[in-house]
Amino acid sequence: MAYATTTKLERIRAALAERDLDELWLCRPANYAWLTGGDPVVDATSDVGVGAVGVCRDGVRVLAPNNERGRLIDEELPGLDAADVDPEVTEFEWHESSLREAVAANHRGAAAADVAVAGVETFDPTRVRSAMPPAERDRYRDACEETTAAVEVVARELTSETTEQEAAGALSQALLERGFRAPVVLVGGGERSQRYRHYTPSDAPLGEYAHLTVVAERGGHDVAVTRTVTFDAPAWLRERHDAAGRVAATALAATRDVGSSGGSAGEVLDAIADAYEAVGFGGEWRAHHQGGAIGYATREWIATPDAQDSVTLPMPFAWNPTVQGAKCEDTALVTERGVEVATATGDWPTTTYEAVSYDEAVSFHDPLSLG
């Protein structure tokens, strides 16, 4: 499996030189996983993992409590192993300090961390996570394919009487069986998904139709996907779904255009807002965030009207336009050469949508009738 660890270490060391730093400590699970491909999470509610990895100008260090060291070294550093990086390991007693306190006590020279730590600078490495190195795109495609397969298998087994919570449990189980954590699992039946854009699962039955939305993470890679199934589809659903599909196609076309010219996320959102107007649902973008870059977090950034985040290519993007009661969401790899919908399995019906104001067409997934 390709982890592109060498490229990532080079980026971090360039950032260290730019800021005149000697070390950068990655404590947040997303950053740890981005570099190492491992999972340092035990308590999913914590903003730090159970161990940290430090990148120095001439080496790599791992900091771990005595009760976690063995597992982290044996199982949770696959990217370092693949790159033949032999880290220096520092152990501390679990009962003597927190991870933040251990970094504060063991850092060397001018150091920074991705969380607040006494005595060191704070550094957000999000910008060095883009673009996605070519060496790991196949591994990312695998994550996309398996995430989508899990969602589609569960979706085909649903009935109108299935509750949102039952469907969410099945999604979580299917993803876990494939080695994924699922930081986002949303299921909205026909009644609640018309009222809420984030349909956190309830005990309500699915009813006429349902949206299944997940963000799944494995090996440092995050994938977003939504599938819609119908049992007795309302007459308006197709029109609204198609409108969301055209907005999604426009979002990806604008991403390619803006990214190729070095533009910002706010420019993509402008194109999205114009697309909503063109398909007859002007202003609908205000009802829900539209998504943005993905890859190493549930979103690397979310586009807002004034967002200055750089649209960097090549990179995965997950745009998720909604029109009340309808949603279109897939993860796509965007390069200057084109757009590849990575969450396509070939086992679900699709429609090709023409982007608004761009010479681009993208295929997205239809509502699947199970009636």
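Reply: Before we start, helices and strands here are DSSP runs numbered from the N terminus, where a helix has at least four residues and a strand at least two. Please also keep in mind that this is a predicted model.

Me: Where does Asp20 lie, and is Asp20 buried or exposed?
Reply: Asp20 lies in the loop between helix H1 (5–19) and strand S1 (23–26), and its phi is near 55°, a positive value in a residue other than glycine. The term exposed is used for a relative accessible area over 50%. Because the relative accessible area of Asp20 is 60%, the residue counts as exposed.

Me: What is the phi of Asp84, and is Asp84 buried or exposed?
Reply: Asp84 is placed in the loop between helix H4 (78–82) and strand S4 (88–92), and its phi is positive, at about 55°, although Asp84 is not a glycine. Its relative accessibility is 71%, so Asp84 counts as exposed.

Me: Is Thr343 buried or exposed, and which residue does its side chain contact?
Reply: Thr343 is in the loop between strand S15 (339–341) and strand S16 (350–354). A residue counts as buried under 20% relative accessible area, and because the value for Thr343 is 0%, Thr343 is buried. Its side chain takes part in a polar contact of 2.6 Å, and the partner is the side chain of Asp330.

Me: What is the omega of the peptide bond from Ser130 to Ala131, and what is the omega of the one from Leu313 to Pro314?
Reply: Ala131 is found in the loop between strand S6 (121–122) and helix H6 (137–156), and the bond from Ser130 to Ala131 is cis, with omega near 5°. Pro314 has its place in the loop between strand S10 (291–293) and strand S11 (315–319). The bond from Leu313 to Pro314 is also cis, with omega near -5°.

Me: Which residues form a cluster through ring pairs?
Reply: A search of the whole structure finds five aromatic pairs. Ring pairs link three residues into a cluster, namely Trp301, Phe317 and Trp319.

Me: The charged end of which residue sits over the ring of Trp236?
Reply: There are charged side chains over rings in this model, and one of them is Arg227, which lies over the face of Trp348 at 6.0 Å from the ring centre. In the case of Trp236, the charged end lies 4.1 Å from the centre of the ring, and it belongs to Arg240.

Me: Which element supplies the largest share of the lining of the largest pocket?
Reply: The largest pocket holds about 360 Å³ of space. It is lined by 20 residues, and the closest to its centre are Pro29, Ala30, Val41, Arg181 and Pro183. By class, the lining divides into nine nonpolar, four polar and seven charged residues. Helix H2 (29–36) and strand S7 (181–189) each supply at least two residues of this lining, and the largest share, three residues, comes from H2.

Me: How many polar residues are in the lining of the second largest pocket?
Reply: This pocket has a volume of about 190 Å³, and of its 13 lining residues, Val184, His198, Val215, His289 and Arg299 lie nearest its centre. S7 and strand S8 (209–218) each supply at least two residues of the lining. By class, the lining has four nonpolar and three charged residues, while the number of polar residues is six.

Methods: Residues numbered from 1 in each chain as written. Predicted model: local features only at pLDDT ≥ 70, side-chain atom pairs only at ≥ 80, totals over all residues. Heavy atoms only, no water. Phe/Tyr/Trp six-rings, centres within 6.5 Å; stacked < 30°, edge-to-face > 60°. Lys NZ or Arg CZ within 6 Å of the ring centre and 35° of its normal. 1 Å grid on protein atoms, 1.4 Å probe; cavity = no way out; pocket = protein on both sides within 12 Å on 5 of 7 lines; lining within 4 Å. Points joined across faces, edges and corners; volume = space filled by probe spheres on them. Nonpolar A, V, L, I, M, F, W, Y, C, P; charged D, E, K, R; others polar. Buried < 20%, exposed > 50% of the residue type's maximum accessible area, 1.4 Å probe, protein only. Polar contact = N/O pair within 3.5 Å; in protein donor to acceptor, adjacent residues only side chain to side chain.
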